[in-house]
Amino acid sequence: MPNKRPRGPQPGWRPHRETLRVLGAVDDVVDRYRDHLPLSVRQLFYVLLGDGVVDKTEQDYKRLCEYLAMARRAGRIAWTVIRDDTQIAVAAPTAYTGPGDFWDQVDAAAATYRLDRQAGQPVVLELWCETAGMVPQLARIGAGYGIGCFSGGGFDGLTGKHDAAVRAGTRTVPTRVLHVGDRDPSGEHMFTALAEDVRAFAASEGAVVEFERVAVTEEQVRTYRLPTAPAKASDHRSFTGTTTQAEALAPDVLAAIVHARIHAHRDPEIGRQVLGRERIERDRIRHELR
């Protein structure tokens with residue numbers, strides 16, 4: 001039997017009144033957090049939950065997913081606004097239409113010339129998050145500091161753990177991972193497994209990797225009154241407290257938390273010196289190209 005679910009664009013979609021009510025609330029959230037786009041579906045859900053638009057049920061979450069999918073297919077919500085919680089990684093080869101296109105790209109690269117903005121700092125920072133949907137927001141935060149952002153891995157991401165240790169092995173200072181993940185049995189044990197495995201691999205490379213849990217913490221659950229739920233009865237791993245997903249932190253709150261932890265490990269004077277040198281070298285490169 002053919003699958004009757006919508007496929008491709010749906011320009012003729014006519015949403016019902018309840019759907020319009022929820023999508024109107026989504027529009028308000030998008031305007032509120034425009035500086036933090038794209039938002040993941042779960043982040044939207046938790047903001048709407050805090051606004052009293054939806055209830056914390058699996059049914060309401062699935063319904064929101066359906067509304068958002070159709071709104072995107074219909075062109076009502078821009079594709080750039082929402083990041084899927086699971087995103088397909090894309091790798092495409094570089095190509096040019098001709099020499100003119102190549103030199104335009106060279107000029108653009110010169111205009112955005114950057115040094116390693118972590119050079120000279122006491123530790124090299126990396127941002128890790130449990131959910132791929134949060135990567136664009138965290139990557140945007142880290143970009144200004146020259147900090148890379150990585151996602152996924154979980155219990156089985158052996159390659160990612162080994163790669164992290166190899167990266168650390170190329171550095172002359174310790175590496176510190178700032179981690180954002182769910183506060184639940186899976187998230188807590190995932191963080192522990194990641195830290196233990198990466199540290200063991202790093203030791204074999206003669207490197208030091210430190211892990212810091214940036215979010216979500218028990219203190220943040222209380223401070224921001226995040227929505228919680230009991231741990232699943234089927235999950236028997238050791239865990240104390242109630243569960244909270246990282247997406248429950250409002251995007252601006254999460255950004256402020258991450259910025260604060262980055263600043264705690266940065267030497268501002270070293271950062272200013274690197275930026276000054278970067279400007280001088282960028283101007284020299286652009287002058288030589290002209």
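Glutamate 210 is partly exposed at 29% relative accessibility, where buried means under 20% relative accessible area, exposed over 50% and partly exposed in between (1.4 Å probe, protein chains only). The model is predicted, so that local features need pLDDT of at least 70 and side-chain atom pairs count only at pLDDT 80 or more, whereas totals for chains, interfaces and linings use all residues. Residues are numbered from 1 along each chain as its sequence is written, and side-chain values use heavy atoms, with hydrogens and water left out.

The side chain of glutamate 210 meets that of arginine 176 in a salt bridge (2.8 Å, N to O), a term that denotes a side-chain nitrogen of Lys or Arg within 4 Å of a carboxyl oxygen of Asp or Glu. Because arginine 176 lies in strand β5 (residues 175–180) and glutamate 210 in strand β6 (residues 209–215), the pair ties together parts that are 34 residues apart in sequence. Strands (E, at least two residues) and helices (H or I, at least four) are DSSP runs, numbered from the N terminus. Arginine 176 is buried, with a relative accessible area of 19%.

A further salt bridge joins aspartate 27 and arginine 76, with the closest N and O atoms 3.0 Å apart. Aspartate 27 belongs to helix α1 (residues 17–32) and arginine 76 to the loop between α3 (58–73) and β2 (82–83), so this pair ties together parts 49 residues apart in sequence. Both are partly exposed, aspartate 27 at 28% and arginine 76 at 36% relative accessible area.

The count of salt bridges comes to 19. A network of salt bridges links Arg183, Glu188, Arg213, Glu218 and Arg222.
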